[in-house]
Amino acid sequence: MTIAGNSFREHAEANNHREALECLGALVNEDTPMNQRTIKDIHAIVLQGIDPSIAGKYRTIELPPPNILTNV
């Protein structure tokens, strides 16, 4: 069930972010060192059920630098 007016993706993103923050809080409480695997695992939680093809993975394409004058 989703909240009225929101797509399933938006609902999943909100729930996944909550779960990822809970996981991060547990890692901090346990004094777990952050490393690339931990960061990828948290990213996988954020994208679970949304886009498994990129969940927990680094980008494989280069992005252009942001235009810092966009918001002037």
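In this predicted model, Asp 31 has a relative accessibility of 67% and therefore counts as exposed, since the cut-off for that class is over 50%. Asp 31 lies in the loop between α1 and α2. Its backbone also deserves attention: the phi of Asp 31 is near 55°, a positive value in a residue other than glycine. Most residues other than glycine have a negative phi.

Helix α1 covers residues 8-29 and helix α2 covers residues 36-47. They pack at an angle of about 155°, with their axes 7 Å apart. Angles over 145 degrees count as roughly antiparallel, and α1 and α2 are therefore roughly antiparallel to each other. Their crossing is right-handed.

Which residues in α1 and α2 meet? From α1 come Asn 16, His 17, Glu 19, Ala 20, Cys 23, Leu 24 and Leu 27, while α2 contributes Thr 38, Ile 42, Ile 45, Val 46 and Leu 47. Sorted by class, this contact has eight nonpolar, three polar and one charged residues.

In soluble globular proteins, nonpolar side chains tend to be buried together. In this model, the largest nonpolar core has five residues: Ala 20, Leu 27, Ile 42, Ile 45 and Val 46. Both α1 and α2 give two or more residues to this core, and the largest share, three residues, comes from α2.

When its neighbours within four places in sequence are left aside, Ile 42 is in contact with Ala 20, Leu 24, Leu 27 and Met 34.

How values were computed. Residues are numbered from 1 along each chain as its sequence is written. This is a predicted model: local features need pLDDT of at least 70, side-chain atom pairs count only at pLDDT 80 or more; totals for chains, interfaces and linings use all residues. Side-chain values use heavy atoms; hydrogens and water are left out. Axes are lines fitted to C-alpha atoms, for helices over the stretch in contact, and angles run from 0 to 180 degrees between N-to-C directions. Helices (H or I, at least four residues) and strands (E, at least two) are DSSP runs, numbered from the N terminus. Angles under 35 degrees count as roughly parallel, over 145 as roughly antiparallel, 65 to 115 as roughly perpendicular and the rest as oblique. A crossing is left-handed if the near helix is turned anticlockwise from the far one by less than a right angle, and right-handed if clockwise. Contact means heavy atoms within 4.5 Å. Ala, Val, Leu, Ile, Met, Phe, Trp, Tyr, Cys and Pro count as nonpolar, Asp, Glu, Lys and Arg as charged, and the others, Gly among them, as polar. A nonpolar core is a set of buried Ala, Val, Leu, Ile, Met, Phe, Trp, Tyr and Cys residues joined through side-chain atoms within 4.5 Å. Buried means under 20% relative accessible area, exposed over 50%, partly exposed in between (1.4 Å probe, protein chains only).
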